[in-house]
Amino acid sequence: MTKEFRNPDAVLDVHDKPSFIQGLGLSFQHLFTMFGATVLVPILVGIDPSVALMSSGIGTLVYIFTTGAKIPAYLGSSFAFIPAMKLLMDNPDAGYGAVAQGAITTGLVYIIVSFIIKKIGSDWVNKVLPPVVVGPVVMVIGLGLAANAANNAMYNAAGEYEVKYIIVALITLALTIFFNMFLKGFLGLIPILLGIVSGYLVALAMGIVDTSLITQASWFAMPDIHIPFVQYQPTIHWNAILMMAPIAFVTMTEHMGHISVLNKLTKRNYFEDPGLDRTLLGDGLAQITAGLVGGPPVTSYGENIGVLAITRIHSVFVLGGAAVLAIVMSFVGKVSAVIHSIPGPVISGISFILFGVIAASGIKILIDNKIDFDKKRNLIIASVILVVGIGNLLLKTGTFELSGMALATLFGILLNLVLPKEAASER
């Protein structure tokens, strides 16, 4: 029997088990790191944050189990699906039932791709989704809600312009930038959470926080779970399926990027063991699980990978502990009430950074892959994706809808497949 590899650079390697007290502290660190982003997604789209917290924990445990506890990763709420989820939640004929179908569909897309990769390998993925398509689509994801973030920073619930809303949003933004730039160590890993807390205190001082929900909330409360055939009778929402399914291909590239980083950190090759097919399967099952309980789609979190890199603690037991803590916290009613009471300007102040960071990540993909925009092919693909996506072009006939995000991704894939490598004038 060959001895199992152990990374000599790790303080705790993947299969090292910490003591209970040590593990509790380390797991809380991961919980706090992902907390701000995981609960921000449901706040932005109108889903119960407690359910998102619970589904992130369950999804992470499903992922760990599916990958044979070989990969230290945490799965939290995905930002990529925010525009699509918001459109569905704002539609009185859709609501969470439609979001759930979209989440389950994206999970099924992952599973189908994982089976194809198991059979024929993964070389075809980059042909369908090269950087010139993925980069602009990621930019659209970030910029698609820019106007929404700005409006929440300016207008109250009655649609009236409020100067103090702007002040709270800008102070929250400034503090979050400060935390990002000047804090180190553990505090440097949770600037979003610190920004939300600080902005909340500013909003509280300016009298725009409704604290009645917190005082009325009990310590124990069930999350607002939505299980099909129990809480609601599902009907087919083709617009949700067609809107969210294409985005799965974008988040897959994010998934593969995270696996590549984890390979370097842990000095292993997860593309070979347990295999890309197994990691995608785990992600897909986690998304389906999230959709079945009422949460948003989940994805692996770069924030938690950052914690692994800085602490050199790669134990999968620590990540599993964070998942269990997330599930427990989702049943604390006071926590849910505090989250619900966060006013719009605070969320907007955070969103100015988060949405921008997502868009900048798309630019980084183009730069890292040295995409040449002097070539007409690349310029056309990126241009169509950006305008269709950010302009939110909508294809609608009867109850069938295809939103700008889905159309942008679809157009990008089709243009990449049909356009020649060079225009006639470039030959």
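Predicted model: local features only at pLDDT ≥ 70, side-chain atom pairs only at ≥ 80, totals over all residues.

Me: Why is valine 357 called partly exposed?

Reply: Valine 357, whose place is in helix H16 (residues 344-368), has a relative accessibility of 45%. Buried would require under 20% and exposed over 50%, so at 45% valine 357 counts as partly exposed.

Me: What makes H17 roughly antiparallel to H18?

Reply: Helix H17 (residues 376-390) and helix H18 (residues 404-418) pack at an angle of about 165 degrees, and their axes are 8 Å apart. Because angles over 145 degrees count as roughly antiparallel, that angle makes H17 roughly antiparallel to H18. The crossing in which H17 passes H18 is right-handed, and the residues of H17 that meet H18 include Arg377, Ile381 and Val384, while those on the H18 side include Gly404, Leu407 and Phe411.

Me: How do you know that the span of H14 is close to the expected one?

Reply: Helix H14 (residues 316-329) has 14 residues and reaches 20 Å from its first C-alpha to its last, which is set against the 20 Å expected at 1.5 Å a residue.

Me: What caps the N-terminal end of H14, and against which helices do its buried residues pack?

Reply: Serine 315 is the cap, with a side-chain oxygen 3.1 Å from the backbone nitrogen of phenylalanine 317. The buried residues of H14, among them Val316, Leu319 and Ile327, pack as a group against helix H1 (20-45), helix H2 (49-66) and helix H13 (302-311).

Key:
Residues numbered from 1 in each chain as written. Heavy atoms only, no water. Helix = DSSP H or I, 4+ residues; strand = E, 2+ residues; numbered from the N terminus. Expected span 1.5 Å × (residues − 1). Buried < 20%, exposed > 50% of the residue type's maximum accessible area, 1.4 Å probe, protein only. Contact = heavy atoms within 4.5 Å. Polar contact = N/O pair within 3.5 Å; in protein donor to acceptor, adjacent residues only side chain to side chain. Axes fitted to C-alpha atoms, helices over the stretch in contact; angles between N-to-C directions. Parallel < 35°, antiparallel > 145°, perpendicular 65-115°, else oblique. Left-handed = near helix turned anticlockwise from the far one by under 90°.
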